[in-house]
Each structure stands twice: as C-alpha cells, then as structure tokens.
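User: I would like a close look at one part of this structure, with attention to its surroundings and contacts. Please keep the account tied to what the atoms show.

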Amino acid sequence: MLPGFYLPRRGRKPRSAQQRFAEKMALLKQKSFKQMGELFVDFIPHPLLKPEKNGAMSRRRIFSKENTFWAFFSQVLDADGGCKEVIHKLQSYASTKGIKVPSSSTASYCTARKKLDVQMLSEVFEHTANRLDKISETDLLDNRRVIVVDGTGVSMPDTPESQEVWPQYSSQKQGCGFPTARICACFSLESGALLSYAIGNKKSSELPLFRKQWNIFKRGDIFLGDKGFCSYFDIADLEEQGVDSVVTLARRAPVRSADSLKKLGSDDLLITWKRPLYTTKLSYSKEAWDALPKELVLRQIKVRVKHPGFRTKWFHIVTTMLDATRYPAEELAELYFKRWDVELFFRDIKITMGLDILRCRTPEMIRKEILMYFIAYNCVRRLMYEAAEEADIEVRVVSFKGSVQALRSWEPHLNQAKISRTERFRLISDLYDAMTNTPVRQRPGRSEPRCLKRRKKNYQLMTSPRHEIRVIPHRSKYQAANA
C-alpha cells in the first residue's frame with residue numbers, strides 16, 4: 001500500500017550497522033570515567049589502557065579496560081570508597097545526559113575489576129614512580145637522591161582466603177580478628193614518590209621485604225632508615241653497590257671515643273664494626289655471610305635533640321659517608337630528622353586516602369587494590385608538584401589532604417563529555433589554585449606523639465565469634481561473655 005513505509009519503525013528507515021555502532025560509541029563516551037585521565041594524560045601510559053586484542057577486556061562496553069581503570073582510580077580517591085559509589089556516579093552522569101540510567105547492581109563493575117591484569121597495574125605504577133622521581137630536585141648532600149624506607153600494616157575483611165595468606169595474630173581468637181598484611185615501601189624523600197614496595201604477612205620482617213627492593217637503588221643514592229634497618233649485612237651490601245646509608249644505631253652499643261679510629265669532631269667518631277658471628281637465626285645464608293667483609297669502617301654521630309617534647313634527648317646514627325668536611329655532622333643530623341616525613345607519607349595513604357582498612361575480599365583483589373592506591377597516591381603527588389610550580393612555592397607546603405579534597409570536589413566537573421578544551425584548562429588552573437592557596441604552616445621541631453586524645457565509645461569487646469557471643473546488659477562493662 002505505502003512503499004518505503006517501515007511499519008515497525010513508524011515510518012523511520014532502519015539504521016545500518018555502522019549507525020548503531022556509532023550511537024553505541026557515543027553512549028559509551030557519555031557514560032565514561034576516563035575524563036579523569038585528562039589530569040594525568042602525560043603521567044599514565046595510555047597504551048597500557050587500550051583494549052586487548054582478544055580475550056578479557058577486548059570488547060568496548062561501559063566497563064571497558066580504560067573505563068574500569070579510571071572507575072577503580074576514582075573509587076580509591078572517594079571519601080566513601082565503596083563500589084556503590086562508582087555505580088551511583090555512573091547513574092548521575094547518565095541522568096544528567098538524559099540517557100537510560102544503568103542498573104544499581106555492582107556485579108558488572110566488580111567483574112570488570114577482576115579482569116584487570118596485575119602486571120598491567122604494576123607497569124602503570126612503575127611508570128608513575130619513575131616519572132615523579134625524575135621531576136624532583138633536591139639540595140641535600142651534593143644533590144644526591146635520598147630514599148627513605150619504612151614499614152606499616154594494613155587490615156582487610158575477615159575471609160578464609162585472606163586469612164590463609166595474611167593470618168591474624170595468634171593472640172586473637174578465630175572469628176575475632178582480621179587478616180593483617182605488612183608493607184615495606186621505599187619513598188623519595190624530596191618528592192614523596194612511592195618508588196617500590198613489598199607485601200608480607202605477620203611473620204615477615206621489614207629487612208627481608210626491604211631486600212626485595214634493592215634494584216631501585218642507583219649508584220650515588222643515600223639510604224635513610226630507622227633502627228629497624230640497622231643491619232651489618234644491608235649496610236655492607238648497599239655500600240658495595242655504591243649506595244651510602246644513614247640509619248639509627250641499634251643492636252650494638254655505641255663505640256667510645258677511646259676505642260674509635262679517629263675523632264672527627266665533637267660527638268663525631270670514625271669507627272669499625274666487626275662482622276657478626278654466623279648463626280642459623282640470621283635472615284641470610286652462610287654463603288652470603290662468607291661474602292661479607294670482615295669489618296666495616298663507619299662514622300658514628302651522637303645527635304642531641306634540642307627541641308622540647310621529644311621522648312629522647314640524644315641518639316646515635318651510623319653512616320658510610322666518612323668525609324666530615326663534605327658531609328658535616330649537623331647536615332647528616334638534619335637529614336635524619338627529615339626521616340619523619342616517611343611517617344607522614346604513610347599517613348597520607350592510609351588515613352587520608354583510606355588504605356588502612358582494605359575492602360576487597362580475595363588476595364588477588366587485595367593486591368590490585370593496594371596497587372591502585374599507590375598509583376593514585378603518586379598521581380596526587382604529581383598534581384601537587386604541578387600546582388606548586390604554577391604558584392611558585394615549595395611543594396613541601398602543599399597539603400596532601402587539601403589536594404585530595406580539591407580533586408574530589410573538581411572531579412564531577414571534569415567528568416563531563418561535552419566540555420571545551422579551554423574550559424577544561426580553566427578548571428584545572430582553578431584546581432591548582434585551590435590546592436595551593438592555603439599553604440601548610442611549617443613547624444620544625446614540633447612534637448607529634450603517637451597517642452589518641454578522643455576516647456573510644458564504651459562498647460564491649462568482641463572476644464568470641466559472633467554466633468557465640470552473649471551481649472551483656474550493662475554498658476559499664478567492657479568485656480563480652482561467652483554464650
């Protein structure tokens with residue numbers, strides 16, 4: 001009756017396969033998280049985020065490889081940090097664009113996260129660490145790179161898989177504790193870049209974890225550590241690689257002036273250490289012990305704490321930097337006082353960003369979550385450097401927490417598909433201003449004791465598995481009884 005009239009389409013011609021694909025790609029671009037990547041376009045290697053040729057992450061869907069990466073990145077930066085937060089963002093973006101709002105289920109997103117390759121995330125992390133470390137400049141000790149090392153612990157949901165890899169402490173009853181992982185990390189003291197890390201369990205000492213990261217050191221670097229890293233084996237091996245060490249004296253009594261090789265100055269001695277006797281309790285093999293020199297020539301400096309409020313009035317540091325003229329004792333003491341910065345780096349990642357208590361429930365996803373936190377941390381550090389350069393101030397006075405808060409506030413405006421390049425540059429410039437307009441006040445010598453002022457609420461402690469515990473009627477009691 002009516003040639004050319006297509007009844008199922010109400011008079012509209014059927015769309016070709018090319019048109020349907022173009023509309024689908026436009027929809028995917030609107031429902032996207034990759035606009036966040038505009039901030040880090042030169043920092044995150046884009047080729048690593050391209051779809052795979054085949055297999056997992058090869059198809060172009062809402063949660064493509066690139067979208068999933070940036071969604072995961074956005075998740076670890078969020079104050080809430082839950083998977084629902086990602087889905088709600090996607091729903092709000094779809095709603096503002098007038099397109100179909102996706103389901104509230106997190107299944108698709110969680111499945112896509114599992115498909116992210118750990119090796120790919122590791123390569124992204126290494127790239128961010130190398131790029132951030134190259135842009136930093138230091139005026140410390142002949143412009144030598146200082147790498148500060150320390151360890152920390154993180155907890156995670158109580159699942160059988162995680163308990164097997166990172167078991168809880170033996171003092172806790174089964175069902176009453178959480179798996180705990182130990183992380184030993186190396187940071188650039190000047191830039192704060194996280195250069196490398198190693199993960200262990202409660203039985204892992206920081207020294208063996210640290211030795212897995214020796215490959216990041218270069219000839220001429222300075223290793224800075226606390227008394228937990230005062231080891232004859234490590235100092236000797238690093239010195240052989242051309243790396244100097246500055247650590248707090250531990251496990252050995254200070255050498256007296258009468259027993260030293262030479263007195264270099266007030267509280268500054270040239271000393272020797274004898275190789276320790278070999279025992280099976282050592283964390284290295286007999287062959288490694290045989291390869292150690294029979295004695296080390298070191299420098300011992302007694303540092304007197306002049307600032308009030310510190311729990312100690314003096315301590316000793318030992319170093320392989322023997323030239324007292326080139327490296328004065330006062331400068332080495334000042335360097336060691338800056339070792340506290342590594343505690344602040346860990347605080348930024350654990351407390352400000354939320355790494356302290358992880359969310360994933362399997363060891364595989366726990367490792368991915370830790371990697372993503374470290375990638376996001378380095379990216380924020382990069383933004384702080386760019387903002388400091390634009391404001392012509394030192395990066396040390398730029399607040400990490402303030403930068404994360406500003407990035408969280410600017411993210412919804414940056415994650416818009418239809419935004420001009422000029423407008424994006426203006427938003428980024430305003431973001432930099434927000435990050436630097438309130439510099440952190442520097443208070444050298446400030447005492448920051450590890451204590452809690454705010455008291456915990458008077459709830460009973462969980463001393464038995466949840467299905468066995470009996471709630472006691474009086475709030476004044478703080479111990480739970482067994483059923």
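Between which two strands does the loop that holds Ser191 lie?

Analyst: In this predicted model, Ser191 sits in the loop that runs between strand S2 (180-188) and strand S3 (194-200). Ser191 has a relative accessible area of 3% and is therefore buried, since the cut-off for that class is under 20%.

Two polar partners of the Ser191 side chain can be described. One is the side chain of Ser188, with which the side chain of Ser191 makes a polar contact at 3.2 Å.

Val297 belongs to strand S8 (residues 295-304), and its relative accessibility of 32% is why it counts as partly exposed.

The cysteines form the other site. The closest cysteine sulfur to that of Cys83 is in Cys110, at 3.8 Å, which is too far for a bond; a disulfide would require the sulfur atoms to be within 2.5 Å. The structure accordingly holds 0 disulfides. As for accessibility, Cys83 counts as buried at 18%, whereas Cys110 counts as partly exposed at 23%.

Note on methods:
Residues numbered from 1 in each chain as written. Predicted model: local features only at pLDDT ≥ 70, side-chain atom pairs only at ≥ 80, totals over all residues. Heavy atoms only, no water. Helix = DSSP H or I, 4+ residues; strand = E, 2+ residues; numbered from the N terminus. Buried < 20%, exposed > 50% of the residue type's maximum accessible area, 1.4 Å probe, protein only. Polar contact = N/O pair within 3.5 Å; in protein donor to acceptor, adjacent residues only side chain to side chain.
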